[in-house]
Amino acid sequence: MVRHATPSDTPAICDIYNHYVSNTVVTFEEEPVTIADMQQRIDEVQHKHIWLVYEEDGKVLGYAYAGKWKVRAAYRHSVESSVYLALDATGRGIGKQLYAALIPMLRTLGIHTVIGGIALPNDTSIRLHESFGFKKVAHFEQTGFKFDTWVDVAYWQLMLD
């Protein structure tokens with residue numbers, strides 16, 4: 001079931017995200033996020049945008065959200081989207097279900113463009129974004145440095161209207 005995130009989901013969201021912080025270059029954060037910090041992030045996104053979770057048998061297995069792209073007023077019709085899944089929930093189409101719910105909601109908010117940033121390589125995320133019509137629009141070489149490795153970042157964009 002896909003639904004809006006609630007405060008009771010925050011520990012599970014934090015656990016899912018912190019796996020990626022500690023073990024991958026998918027996110028460039030290097031220190032695990034506290035539950036309080038994660039709740040603040042969720043609150044900031046939900047103030048104007050959307051944070052969804054995928055729940056199955058009472059357990060949060062993934063989440064997706066879209067928050068502001070940049071802080072300047074002229075960017076108000078653009079968002080950056082993200083999706084994260086529990087390690088044991090990958091490959092089951094949960095990311096697609098989350099984006100299938102998220103994208104139409106963004107249209108109702110008057111969002112014009114959705115941007116997805118992907119640390120490379122990440123074929124799974126590329127396939128997910130492209131399956132929804134996102135097009136690659138930028139590639140920055142050696143933008144991040146994590147686990148003693150330089151990481152490229154590319155951006156995909158979806159125009160909603």
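Me: Which residue is the bridge partner of Ala64 in β4?
Reply: Val83 is the partner of Ala64. The model is predicted, so local features need pLDDT of at least 70 and side-chain atom pairs count only at pLDDT 80 or more, while totals for chains, interfaces and linings use all residues. Numbering starts from 1 along each chain as its sequence is written, and side-chain values use heavy atoms, with hydrogens and water left out.

Me: How many bridges join strand β3 to strand β4?
Reply: Two strands pair if DSSP finds at least two bridges between them. Here 7 bridges link β3 (residues 59-68) with β4 (residues 78-85), and the two strands run antiparallel. Strands are DSSP runs of E, at least two residues, and helices are runs of H or I, at least four, numbered from the N terminus.

Me: In what order do the 7 strands stand in the sheet?
Reply: The order is β1-β2-β3-β4-β5-β7-β6, in an open sheet with mixed pairing. At the edges are β1 (2-4) and β6 (135-146), each pairing on one side only. From one strand to the next, the twist averages 25°.

Me: Which strands does helix α1 lie across?
Reply: Axes are lines fitted to C-alpha atoms, for helices over the stretch in contact, and angles run from 0 to 180 degrees between N-to-C directions. Contact means heavy atoms within 4.5 Å. Helix α1 (residues 10-23) lies across β2 (50-56), β3, β4 and β6, at about 80° to β3. Helix α2 (residues 35-48) lies across β2 and β3, at about 120° to β2.

Me: Where is Arg92 found, and why does Arg92 count as partly exposed?
Reply: Arg92 is in the loop between β4 and α3 (94-108). Arg92 counts as partly exposed because its relative accessibility is 42%; buried means under 20%, exposed over 50%, and partly exposed in between, with a 1.4 Å probe and protein chains only.

Me: Which residues is Arg92 in contact with, leaving aside neighbours within four places in sequence?
Reply: Those residues are Glu56, Leu61 and Gln97. From C-alpha to C-alpha, Arg92 is 18 Å from Tyr20, and the two are 72 residues apart in sequence.

Me: How are two packed helices described?
Reply: They are described by the angle between their axes and the distance between the axes. For α3 and helix α4 (residues 123-131), the axes come within 10 Å and cross at roughly 35°. The contact is made by Gly95, Lys96 and Tyr99 of α3 with Leu128, His129 and Ser131 of α4.
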